[in-house]
Amino acid sequence: MTTHFLRRVLPTAAVALTVALWTFQAQSARGAPKSVASGAWKKLFNGQNLDGWEVVNTGQWTVEDGAIVMRRQPNNWGGGWLVTRQDYGDFILRLKFKPGKDTFNTGILIRDPGHAEITRPALSGFEVKLAQGDRAENGNATIWYAASAYLQLLPADKWTSVEVRCIGDHITTFLDGRKMTETHSRRSYKGAIGLHLHGGRDLLEVRWKDIEIQELPEAPREYQLLEEKLVQAPGETTALLDTKTPLGGLDRSSAGTSVWTLQDGVLRGTGNHENGWLITKQSFTDFVLSFDFRVTSTGDGGLAFRIPQDGADAPAGSIFGTGYEFHVVDGDAVDPPSSITGVARAFMLNYNLERIYRPKQWNQGRIYVAGDHLVTYLNLEKEADVHTARSRGGRIAFRVGPQATVEFRNVDIKRVEEGTISAGL
């Protein structure tokens with residue numbers, strides 16, 4: 001059973017079977033290690049030769065001036081890897097990287113049990129992409145098709161410090177000390193570390209140096225993802241909108257000049273010259289929120305959550321700055337559909353480079369929230385997975401942007417008592 005398949009079925013009744021199949025191998029993350037100094041740092045690259053490493057497939061890998069230099073072999077446009085002979089599980093990896101040009105495509109392989117000997121090693125382990133000048137889908141410090149990072153351009157002729165933390169099922173990336181992205185995944189817990197020569201015809205002279213690792217004790221392992229825990233937790237699922245009352249029983253206090261209607265179970269918002277909001281009168285802390293949405297014109301909207309009681313009085317368009325917002329849009333390269341606006345960026349494409357969002361059609365969204373942990377799904381694909389403590393509870397709001405038309409239906413919520421879900425994930 002592949003990770004890709006499980007991502008599609010987790011929100012369904014198959015969760016129980018998934019949990020049973022994964023009990024023996026699942027693991028949770030406890031965040032960063034309590035003491036980074038608890039383990040000794042050791043060099044993975046000695047600065048003189050490639051002892052401890054091996055070449056897989058192709059590439060010219062040399063050591064020059066204390067750095068590993070990656071080039072293509074003459075007339076060979078295929079891809080290759082330089083991988084460690086040893087496996088690593090929980091660790092902090094640090095290295096410095098210099099691409100040599102403004103356009104490049106490479107990466108760092110981690111936790112690959114196949115040591116790059118099988119097809120697409122980045123899907124048996126993980127790859128921290130270092131790429132720019134092509135698609136923004138998997139740019140610098142992105143965990144390839146697991147967690148997307150915001151755009152960060154790197155200089156061609158200067159060294160950039162890269163750090164990767166793998167602690168239990170929690171993987172986090174940093175560039176020059178700045179946190180770029182994180183994810184929880186149980187695809188692999190141990191394997192080789194490698195450097196990637198991407199296939200292509202561009203001339204390369206990529207350099208790597210100061211490669212060191214701090215191995216950490218194995219993190220405590222639990223057996224469920226946040227969304228699995230919430231699906232199985234006690235709680236009743238109910239409709240969020242009261243179809244027997246005007247506008248579903250929502251508060252129009254921040255609707256502005258927008259027009260909202262509720263007909264045949266569909267909540268429709270039409271924007272004028274500003275953002276318009278409909279807000280619940282109740283507050284919610286931990287929950288699963290499922291809904292369908294459709295954008296029928298240009299513009300955008302959102303489904304905001306955990307808005308503090310005073311958030312409804314915020315200026316139009318800024319409510320999600322005090323809570324969070326599941327972004328509803330026909331395709332935004334900065335915050336694509338199902339992004340947690342300004343907090344966690346979602347993917348536009350799946351593993352097969354197919355669009356996850358369906359323009360002008362009904363799309364299915366899900367939001368899983370417990371403690372400081374937020375997860376979103378779009379059309380059964382896991383999109384965002386982040387820990388953040390901006391707001392621990394509050395109201396839910398529907399937003400329509402200026403000149404936009406957005407629709408929502410089948411809006412259901414399952415409340416979970418606060419504290420029911422452990423903080424381990």
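Trainee: Is Arg-306 buried or exposed?
Mentor: In this predicted model, Arg-306 has a relative accessible area of 0%, so the residue counts as buried. The cut-off for that class is under 20%.

Trainee: Which element holds Arg-306?
Mentor: Arg-306 belongs to strand E19, which covers residues 300-307.

Trainee: And what does the side chain of Arg-306 meet there?
Mentor: The side chains of Arg-306 and Asp-286 make a polar contact of 3.1 Å.

Trainee: Which sheet includes E19?
Mentor: E19 is part of an open sheet of 4 strands, ordered E17-E24-E19-E20, with antiparallel pairing. Strand E17 (276-279) and strand E20 (324-329) are at the edges; each has a single partner strand, so one side of each lacks a neighbour in the sheet. On average, neighbouring strands of this sheet are turned by 20° against each other, direction ignored.

Trainee: How many bridges join E17 to E24?
Mentor: There are 4 bridges between E17 and strand E24 (residues 395-400), and the two run antiparallel. Within that pair, Trp-277 stands opposite Arg-399 in E24.

Trainee: What holds strands of a sheet together in general?
Mentor: Pairing is through backbone hydrogen bonds, in either a parallel or an antiparallel arrangement.

Trainee: Which side chain has a polar contact with that of His-327?
Mentor: The partner is Asp-300, and the polar contact between the two side chains is 2.8 Å. Leaving aside neighbours within four places in sequence, His-327 is in contact with several residues, among them Asp-300, Gly-301, Asp-332, Asp-335 and Arg-399. The list also includes Pro-336, Pro-337, Ser-338, Ser-339 and Thr-341.

Trainee: Now a different sheet. What is the strand order around E12?
Mentor: E12 is in an open sheet of 5 strands with the order E2-E5-E12-E7-E8 and antiparallel pairing. Its edge strands are E2 (53-56) and E8 (126-132), each of which pairs on one side only. Neighbouring strands here are turned by 20° against each other on average, direction ignored.

Trainee: How does E12 pair with E5?
Mentor: Strand E5 (residues 80-84) runs antiparallel to E12 and is joined to it by 4 bridges. Val-83 is opposite Gly-194 in E12.

Trainee: And how many bridges connect E7 and E12?
Mentor: Strand E7 (residues 104-112) pairs with E12 over 5 bridges, also in the antiparallel sense. Ile-108 stands opposite Leu-195 in E12, and Thr-106 has Leu-197 as its bridge partner there.

Trainee: Changing topic, where does Thr-243 lie?
Mentor: Thr-243 is in the loop between strand E14 (237-239) and strand E15 (259-263). The residue counts as exposed because its relative accessibility is 57%, and the cut-off for exposed is over 50%.

Trainee: Which residues does Thr-243 touch?
Mentor: Not counting residues up to four places away in sequence, Thr-243 touches Leu-262 and Gly-265. The C-alpha atoms of Thr-243 and Gly-265 are 6.4 Å apart, with a sequence separation of 22 residues.

Trainee: What should I note about the whole protein?
Mentor: The protein has 3 helices and 25 strands. Of its 425 residues, 56% are buried. Among contacts with a separation of 6 or more, 71% are between residues 24 or more positions apart. The accessible surface is about 17600 Å², with 49% belonging to carbon and sulfur atoms.

Trainee: Finally, what is the mean pLDDT?
Mentor: The mean pLDDT is 85, and 86% of the residues reach 70 or more. Over residues 1-37 the pLDDT is below 50, and in the model this stretch has 91 contacts beyond near neighbours in sequence. The pLDDT also stays under 50 over residues 312-317, where the model has 12 contacts beyond four places in sequence.

Terms used:
Residues are numbered from 1 along each chain as its sequence is written. This is a predicted model: local features need pLDDT of at least 70, side-chain atom pairs count only at pLDDT 80 or more; totals for chains, interfaces and linings use all residues. Side-chain values use heavy atoms; hydrogens and water are left out. Buried means under 20% relative accessible area, exposed over 50%, partly exposed in between (1.4 Å probe, protein chains only). Contact means heavy atoms within 4.5 Å. Accessible areas come from the Shrake-Rupley method with a 1.4 Å probe; for residues, only the protein chains shown count as cover. A polar contact is a pair of N or O atoms within 3.5 Å; within protein, one must be able to donate a hydrogen and the other to accept it, and residues adjacent in sequence count only if both atoms are side-chain atoms. Two strands pair if DSSP finds at least two bridges between them. pLDDT is the predictor's confidence in each residue, from 0 to 100. Axes are lines fitted to C-alpha atoms, for helices over the stretch in contact, and angles run from 0 to 180 degrees between N-to-C directions.
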